[in-house]
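This report describes a sheet and a ligand site in one protein structure. Please keep the sequence and the structure in view while reading.

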Amino acid sequence: MTFSEMVANRRSVRKFLDRKVEQEKIEQILRDTLTAPSSKNCRSTRIAVTQDATILDHISRMRSYGSTFVREAPMAFILMADASNTDLWRENCAISATMLQLSAEALGLGSCWVHVDGRPHREEEPNGLNAEEYLHEVIPATAPYRILCVVAVGYPETTPKPHSPKDDSDKVIWL
Ligand SMILES: Cc1cc2nc3c(=O)[nH]c(=O)nc-3n(C[C@H](O)[C@H](O)[C@H](O)COP(=O)(O)O)c2cc1C
């Protein structure tokens, strides 16, 4: 499959088979993710990896909606950053997360981004705990790190159909 075919077929996957992701694949994903470009090559992205059911359950409860499916995922990556040496940690981290999703796709795995940064833990309490603070409860050793998002990964239970081809000509400005 070409790169273009792969990205055209990629869809977010939120339902996974009850099957562990092999350690070699996890390590390949980490290597690929850490090749991501970063501002001034500061390499600010940090990644926590978990296959722990208790932690996956904690992640699934981090927001009022949009994260529940993580409870049934076999594993997740928490995309974080050492924000002490760059103001572009979000940009760096987003590129890393994208790289991670494409790496997972290339390895026959499905994935879905779950956003953390700037989101409340409970929608009805916008000034209360935020999702990032809530997540730090399970990663205390990395508490100084900022968290952008979580990417859940696993073998897809079903493969969503690719998006139908669109006329995106209005999104491009030829100069
Ligand atoms: C910045 C960003 C935040 C996202 N946040 C969530 C989320 O919190 N929960 C979720 O289920 N999906 C989330 N997604 C996945 C999007 O909903 C999904 O990519 C979009 O609907 C397009 O579908 P596709 O990935 O299948 O093409 C997020 C994606 C991005 C890029």
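Two strands are said to pair if DSSP finds at least two bridges between them. With this definition in mind, the bridge partner of Ala-76 in strand 4 is Ala-152. The model discussed here is predicted.

**The sheet**

Strands of a sheet pair through backbone hydrogen bonds, either parallel or antiparallel. In this model, four strands form an open sheet in the order 1-2-4-3, and the pairing is antiparallel. Strand 1 and strand 3 (110-115) are the edge strands, each of which pairs on one side only. On average, neighbouring strands of the sheet are turned by 25° against each other, direction ignored.

Strand 2 has a partner on either hand. Strand 1 (residues 45-50) is joined to strand 2 by six bridges, and the two run antiparallel. Seven bridges connect strand 2 with strand 4 (residues 146-154), and this pair also runs antiparallel.

**The side chains of strand 2**

In a regular strand the side chains alternate between the two faces of the sheet. Which residues of strand 2 point one way, and which the other way? Met-75, Phe-77, Leu-79 and Ala-81 point one way, whereas Ala-76, Ile-78 and Met-80 point the other way. Are these residues buried or exposed? Residues on both sides are buried. Strand 2 (residues 75-81) is accordingly described as mostly covered, with seven of its seven residues buried.

**The ligand site**

The residues that surround the ligand include Arg-10, Arg-11, Ser-12, Arg-14 and Arg-63, as well as Gly-66, Phe-69 and Cys-112. Trp-113, Val-114, His-115 and His-163 also belong to these surroundings. By class, the shell holds four nonpolar, four polar and four charged residues.

| Ligand atom | Residue with the polar backbone atom | Distance |
|---|---|---|
| nitrogen | Gly-66 | 2.9 Å |
| nitrogen | Trp-113 | 3.2 Å |
| oxygen | His-115 | 3.1 Å |

On its own, the ligand has 620 Å² of accessible area, and the protein covers 62% of that area.

Conventions. Residues numbered from 1 in each chain as written. Predicted model: local features only at pLDDT ≥ 70, side-chain atom pairs only at ≥ 80, totals over all residues. Heavy atoms only, no water. Near = heavy atom within 4 Å. Polar contact = N/O pair within 3.5 Å; in protein donor to acceptor, adjacent residues only side chain to side chain. Areas by Shrake-Rupley, 256 points an atom, 1.4 Å probe, with all protein chains shown as cover. Nonpolar A, V, L, I, M, F, W, Y, C, P; charged D, E, K, R; others polar. Buried < 20%, exposed > 50% of the residue type's maximum accessible area, 1.4 Å probe, protein only. Axes fitted to C-alpha atoms, helices over the stretch in contact; angles between N-to-C directions.
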